[in-house]
Amino acid sequence: MSRVVVSARSGSSSPPLASRPAWKALVAHHRDIEGLHLRQLFADDPRRGERFSAEAAGWYVDYSKNRITDETIRLLLELAERRGLRERMAAMFRGDPVNTSEKRAALHTALRARRGERLVVEDTDVVPEVHAVLDRMTVFADQLRSGEWRGHTGQRIRNVVNIGIGGSDLGPVMAFEALRHYSQRDLTLRFVSNVDTTDFFEATRDLDAAQTLFIVCSKTFTTLETLTNVHAARAWSVAQLGEARAVARHFVAVSTNAEAVAQFGIDPALMFGFWDWVGGRYSMDSAIGLSTMIAVRAENFRAMLAGFHAVDEHFQTAPLRQNLPALMGLLAIWNTDFLDAATLAVLPYEQYLKRLPAYLQQLTMESNGKHVTLGGSHVDCATSPIVWGEPGTNGRHSFYQLLHQGTQLVACDFIGFCQGLNPPGRDDDRHDLLIANLFAQTEALAFGKTAAEVRADGTPEALVLHRVFEGNRPSNTLLAERLTPHALGALVALYEHSVFTQGVIWNIDSFDQWGVEFGKVLAQRTLLHLQGVEAPALTHDSSTNTLIRRYRRLRKEAP
């Protein structure tokens, strides 16, 4: 039965989702098939594994191991039609203000539009602007990679440190790690995001300021954590280089605030802009990806953009029954709201994708972790799943026990590649072993092991229940030939549009993040109290007041 969140408000401009006929039909359908097991579904349909699959932009997705039937898919597609997925999709791609609470477009898709395409927003064709920035990024990246761009003392730049937070960090980190195979190995890339002094210290402790470039990623150039780290970077650079004017050769900015950038000492000619219609968590393919371009070369960065674009076109044109992002989003709705799978484990069987789960956490949970509909009423069903994960096979020796025999149902996305990037040694079967583990895990989760099968193995009766695996646990398998820049772009776009699809069904704004803003405001006020600016009067709750007083006392006692 679907989880229902009781509304605390009424007066929405449209009926609640749970009262809609398409939703009710899914509730009734779930009741009808609740007792079905994947063992039976596969036994009844020998071609199930072929039929419940789709392919686009180099990615093959097998979704046959979800607890679904043809009727489930039909009803989910009917729900998508009733919720206006096609209309909302068209509105997003043409630049309508689909971010309704901030009255902004969400045009990350324009960042990967081909040169020569047209997309007019407020009487301006934005595609030439996008490519103008890409061209400037390309020139700068090539100059830095070749050694033409040099620091204040004339030395070559050998270290690049990206300073950002949220989408200005998670995207570049993930992309760099994912494409490290293609990177220039005599360049050191580091990333600083945490305002914890340890993050900056460890990122710079072994670097020479004369050979180090900082990329400051902040749309507004006002984000507290980023600016705190930027000022630390400036002080670190000036201390080593001896004069403030050195900043001009060791800092570039990715921002929209030219005035603040210039005041900091960065040449506005070295500011790479982007637009208010680019959300942070959707920005890795904008100038926020400058560190990625420097690391992997402009042609590989553009190949990644082509992968994004291929999925954009697929999402717009493919029938929903074969539409990968739409199907992934609808299956997430089914697993979250009807099977009560509150979490999604993202399990890449590729070490280069080790930061993908963290990236998808923000993309999914910041986008759809909402409790209010576009109409201003409380949602009446569960929204975003909690996203987490680790690369295989490491995760198998960490948390797969719970996936197989735990009491909570966890939906899983397994991601793999048919070819490894690094050549194996002679008679080396490690990549085969890696993918064998991937396929085996999806099979074990789906079909489990019955008590009869356990007994047939000769297991003592006292241990039979311990060795039973219920199975019937849903998973998708995403498979591509090789982890290329194009494949990475396509993979991220699949998840972007899946998240959008889910937001459309739930009728929420997937492009704002007011919960993040609330925490920022509280932190500013609390900072003053920690520093004693408003001491001794404290106006927090008794718990927070007590913690502040304890912090003040122990902070003063620090050596």
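**Terms and their grounds**

Modeller: Leaving aside its neighbours within four places in sequence, Thr72 is in contact (heavy atoms within 4.5 Å) with Leu26, His29, Ile33 and Trp334. This is a predicted model, in which local features need pLDDT of at least 70 and side-chain atom pairs count only at pLDDT 80 or more, whereas totals for chains, interfaces and linings use all residues. Residues are numbered from 1 along each chain as its sequence is written, and side-chain values use heavy atoms, with hydrogens and water left out.

Colleague: What makes Thr72 buried or exposed?
Modeller: Buried means under 20% relative accessible area, exposed over 50%, and partly exposed in between (1.4 Å probe, protein chains only). Thr72 has a relative accessible area of 0%, so Thr72 is buried. Thr72 is found in helix H4 (residues 70–82); helices (H or I, at least four residues) and strands (E, at least two) are DSSP runs, numbered from the N terminus.

Colleague: How do you know whether His37 counts as buried or exposed?
Modeller: His37 has 15% relative accessibility and therefore counts as buried. His37 is found in the loop between helix H1 (21–33) and helix H2 (38–44).

Colleague: Which backbone atom of Glu470 lies close enough to the side chain of His37 to be called a polar contact?
Modeller: A polar contact is a pair of N or O atoms within 3.5 Å; within protein, one must be able to donate a hydrogen and the other to accept it, and residues adjacent in sequence count only if both atoms are side-chain atoms. The backbone oxygen of Glu470 lies 2.8 Å from a polar atom of the His37 side chain. That side chain of His37 also reaches the backbone nitrogen of Arg39, at 3.0 Å.

Colleague: Why are strands E6 and E9 said to stand at the edges?
Modeller: Two strands pair if DSSP finds at least two bridges between them. 5 strands form an open sheet in the order E6-E5-E7-E8-E9, with parallel pairing. E6 (188–192) and E9 (271–272) each have a single partner strand, so one side of each is left without a neighbour in the sheet. E9 is joined to E8 (residues 251–254) by 2 bridges.
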